[in-house]
Amino acid sequence: MLIEMLKFMLLGAIATLFLDVLGIGLAKIFKTKTRNWGTVGQWLKGLCQFKWVYVAKDFPQAPNFHEQVLGWGFHYAVGMGYGLILFMLAGTGYLNQPTLLPALWVGLVLPTLASWLIFMPCMGAGLFGHKAKNIKITVFFVLSMHVIFMLGLYLPVCLSIYFTK
């Protein structure tokens, strides 16, 4: 069971990498910035100091190297956590016969809601990003990034089955 859990954690990390690579491409196409995970590191640093912080207000300076590392590490840890949630919902059979529904829930629905209800308010963008500079672009990117993450939880399993037959 531990080996299967590790496989799902790896799948979550692969899906996160897939999200990051395609996210860079989307940002170039739409001429926007990619997510600065250093700000997440600043937020986590504040939490570790037992302070509830709003990054935009409490950390006006750019993130330093350690905050960048902390933010990126957290980003991938969350991706691996979603891999474990997929394991709990779909079971080990998912690695042999993946279906889109568990990937949809774990890759699109849960992280989108988490972004809108937890992440964005903590980063100062408000619930559902209503304080963002351009809410339409923000909503588009949250949804498109999590569609990519969902595909990252689904396609690698399909490809591994195809290439191991």
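This is a predicted model: local features need pLDDT of at least 70, side-chain atom pairs count only at pLDDT 80 or more; totals for chains, interfaces and linings use all residues.

Reader: Which helix gives the most to the lining of the largest pocket?

Author: That is α6, with seven residues. The space in the largest pocket comes to about 1,800 Å³. It is lined by 49 residues, and those closest to its centre are Thr34, Arg35, Asn36, Phe119 and Met120.

Reader: How is a pair of aromatic rings described?

Author: One gives the distance between the ring centres and the angle between the ring planes. In this structure, a search of the whole model finds eleven aromatic pairs. Consider tryptophan 116 and phenylalanine 128: their ring centres are 5.6 Å apart and their planes lie at 50 degrees, so the pair is tilted. This pair links distant parts of the chain, since tryptophan 116 belongs to helix α5 (residues 100-122) and phenylalanine 128 to the loop between α5 and α6 (135-163), twelve residues apart.

Reader: What is the arrangement of the rings of phenylalanine 140 and phenylalanine 141?

Author: Planes over 60 degrees apart count as edge-to-face. Here the planes are at 85 degrees and the centres 5.4 Å apart, so the pair of phenylalanine 140 and phenylalanine 141 is edge-to-face. Phenylalanine 140 is partly exposed, at 36% relative accessibility, whereas phenylalanine 141 is buried, at 13%.

Reader: Which residues do ring pairs link into a cluster?

Author: The cluster consists of Trp37, Trp72, Tyr76 and Phe119.

Reader: How many residues has the largest nonpolar core?

Author: It has 20 residues, and Phe8, Leu11, Leu86, Tyr94, Met145, Phe149 and Leu153 have the most contacts inside it. Two or more residues of this core come from each of α1 (2-30), α4 (65-90), α5 and α6. The helix that gives the most is α6, with eight residues. A second, separate core has six residues, including Trp37, Leu44, Cys122 and Met123.

Terms used: Residues are numbered from 1 along each chain as its sequence is written. Side-chain values use heavy atoms; hydrogens and water are left out. Rings of Phe, Tyr and Trp (its six-membered ring) pair if their centres lie within 6.5 Å; planes under 30 degrees apart count as stacked, over 60 as edge-to-face and the rest as tilted. Helices (H or I, at least four residues) and strands (E, at least two) are DSSP runs, numbered from the N terminus. Buried means under 20% relative accessible area, exposed over 50%, partly exposed in between (1.4 Å probe, protein chains only). A nonpolar core is a set of buried Ala, Val, Leu, Ile, Met, Phe, Trp, Tyr and Cys residues joined through side-chain atoms within 4.5 Å. On a 1 Å grid over the protein atoms alone, a cavity is a set of points where a 1.4 Å probe fits but cannot get out, and a pocket is an open set with protein on both sides within 12 Å along at least five of seven lines; lining residues have an atom within 4 Å of a point. Grid points are joined across faces, edges and corners, and a volume is the space filled by probe spheres set on the points.
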